[in-house]
Amino acid sequence: MKFLIFEIKYKDARGRVGTLKTPHGKIKTPTLMPVIHPGKQTLPVGDYGAELVVTNAYLIYKNDHLREKALEGGVHNLIDFSGPLITDSGSFQLSLYGDVHVSNQEIVEFQEEIGADIGTSLDIPTPPFVKRERAEKELEITIQRAKESLEVRDKLMLNSVVQGSTYPDLRSRCADILGGMDFQVHPIGAVVPLLESYSYREVVEVVMASVKCLPDSRPRHLMGAGHPMVFALAVAMGCDLFDSAAYILFAEDDRLLMPNGTYKLNNLQEMPCYCEVCSSHTPNELQAMDKKERSRLLAQHNLAVSFGEMRTIRQAIIDGSLWELVEQRCRSHPYLLDALRMLKNYQKDLEKYDPPYKKSAFFYSGPESLNRPEVYRHLKRLQQVPKKRKVLLLPPSDKPYSQNIPEISGKFYGMKKGNFENIINKKLQEPSKINLQLHAIKDLQIVVVDVPFAIIPLELDQVYPLAQNESPATYDEDAKKRVREVLQNYIHDFEETVASENVLKSFDLELSDLNLEKEFQITEPVMLEVEDLNRIVCIADYQFGNGSGRALFNGNIKVVKSRKTGKIRHVYVDEGDVERLIVTLRASDGVFVLASEGARRLHHYLPYPKNRVVVNQEAEPFARKGKSIFAKFVINCDIDIRATEEVLIVNENDQLLAFGKSMLNGWEITDFKTGQAVKTRKGGF
Ligand SMILES: [Zn+2]
């Protein structure tokens, strides 16, 4: 491979904050690339935040004057921009006029000659909703020309555009084939008609079908997406680059772009934004100006807002709050909301890329939040936690639940044949057991039922995001329905179910929904407490997989708690002469961070390649010294690793070298040849 140009720094949803290296400098992604018309450069876009621009090589090529100038002084001089520059090939003109007077080979060579950083082959932008036969035929030509462009180029980095109209399987096929060749950036093409007609559902289908087959290590460019309204959604689906002629086209039409829609200057009595233009002009002043000056100022506003939105998105990725931003933005138009709802169909894919542990709390903003990867992941991981024979369902309280529901009493419902009631009442009659602790009842799983995660075993009540989430106290009908469904499914595996009256009330459950019949009272408050060993075993199983808890916490286990909060901090094994630290429970998200002994035990228990990142011989000594692992040294890894997880670093013979935190997921670790894959905590094995 000739070019190693892209690195991921932060991740959230399918979005990434990355850096893209070009001969004219390094830029941050996701970003917007203003489109510069080579004949009429109007705005100093660099001054407004543009780090990368797009211009059209075909327009330069077919104009004698521009062509000569570009061949002589380079395309950067021609458009007066010294930073990284992408050239388009004329496909857009092809889609407009049906034909262009240049061959694929000529236009690729030309882009190289005028010194573009990244060039584009002459693909065929097949419009949405055409007959399948046409989409297939044109796709073959696009792929053929892509291949040809690789033979023609020398040092030019190349775009290769994913086409396939609105056929998801054709988009995937195209992405798969192009992804197997040595291209540097992948635009997703011919979506402009979909964006212009607000067909955002189809945009989701096209983008998701493409990104899932494109290599993770290359930036993706959603071609022609220039409205800030769609940026957050597109980034969350894995798009890194956007191009905009919209800033100038909308300005010339007296329209202002905003992240939540478009304003017409004619309708405004107040400027709706706080950019320099809007702060220092009134709508009347702008309207009184001559057209050219007004367009220039509105374009300046449009760029300021677009770049502001990009910064907001990048910060949201860094904070782990991209989903919250997407949900806000998608509420600005019903069709965007529709697109957000479409993401439900891609939960499985999105979950692979979404980091399990984030800095931000999960904020429920409406029924769409039920379809976020965090909820999907929780219900999946819940299956790793071994089940007991009986289950007690409690209503939610403040979080973490176990600290805020110290005891229970009141009206409960049980099963006809159940004996929970008898056990409780019998024990309560014994005066010495008046402070009965519920965990003393053998084989009882205590579960809090809440929105949006539905089932929260008390042992897990401090694990991210089960404690770190907020939802309105008034439940919406979708949330109630979801909780009912999950709950009914969950209790199947238990021999006996007992539910607090408030669970039934909160979620509109009938007794028969949970096979309950008997009503009984717990008059004396019963203490609720989770045993430490129980808690740490459950957390480990939830975090590392079934059985991991028993494997990690085997022997004479000693739990050390924080004196301030009473929460578990460290877990040691006491081996008589020495105490070894196994894990530390991270206070911020309630999950385990491995220590050397924990890594050793986990490595012994989990079969290869589970939870492992395998490095080559060259990297082995560095790993043992505790140096971080770069993706280029990784020769294999567990594909199910998610970013931000605790992972084991081993050599080809599965000898444990070190352990650390994954920066990427399994797919990304194997695909990337640049950047950090694992932030090593400790070597020394
Ligand atoms: Zn403004």
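**Reading strands and cysteines**

Biologist: I see L20 standing opposite I27 in β3. How many bridges pair β2 with β3, and in what sense?

Modeller: Keep in mind that this is a predicted model. Strand β2, residues 15–22, pairs with β3 in the antiparallel sense, over 5 bridges.

Biologist: What order do the strands of that open sheet take?

Modeller: The order is β1-β2-β3, with 3 strands paired antiparallel. β1 (6–12) and β3 (25–29) sit at the edges with a single partner strand each, so one side of each has no neighbour in the sheet. On average, neighbouring strands here are turned by 15° against each other, ignoring direction.

Biologist: Now for side chains. Which way do the residues of β6 point, and are they buried or exposed?

Modeller: The general idea first: side chains in a regular strand alternate between the two faces of the sheet. In β6 (residues 85–88), L85 and T87 point one way, while I86 and D88 point the other way, and all are buried. Strand β5 (residues 53–56) runs parallel to β6, joined to it by 4 bridges. Across that pairing, N56 stands opposite D88.

Biologist: And cysteines: how many disulfides does the structure hold?

Modeller: It holds 0 disulfides. The idea is to check sulfur pairs against a cut-off of 2.5 Å. For C239, the nearest cysteine sulfur belongs to C330 and is 13 Å away, and C239 is in no disulfide.

Biologist: Is C239 buried or exposed? What about C275?

Modeller: Under 20% relative accessible area counts as buried. C239 has 0%, so it is buried. C275, at 12%, is buried as well.

How values were computed:
Residues are numbered from 1 along each chain as its sequence is written. This is a predicted model: local features need pLDDT of at least 70, side-chain atom pairs count only at pLDDT 80 or more; totals for chains, interfaces and linings use all residues. Side-chain values use heavy atoms; hydrogens and water are left out. Two strands pair if DSSP finds at least two bridges between them. Helices (H or I, at least four residues) and strands (E, at least two) are DSSP runs, numbered from the N terminus. Axes are lines fitted to C-alpha atoms, for helices over the stretch in contact, and angles run from 0 to 180 degrees between N-to-C directions. Buried means under 20% relative accessible area, exposed over 50%, partly exposed in between (1.4 Å probe, protein chains only).
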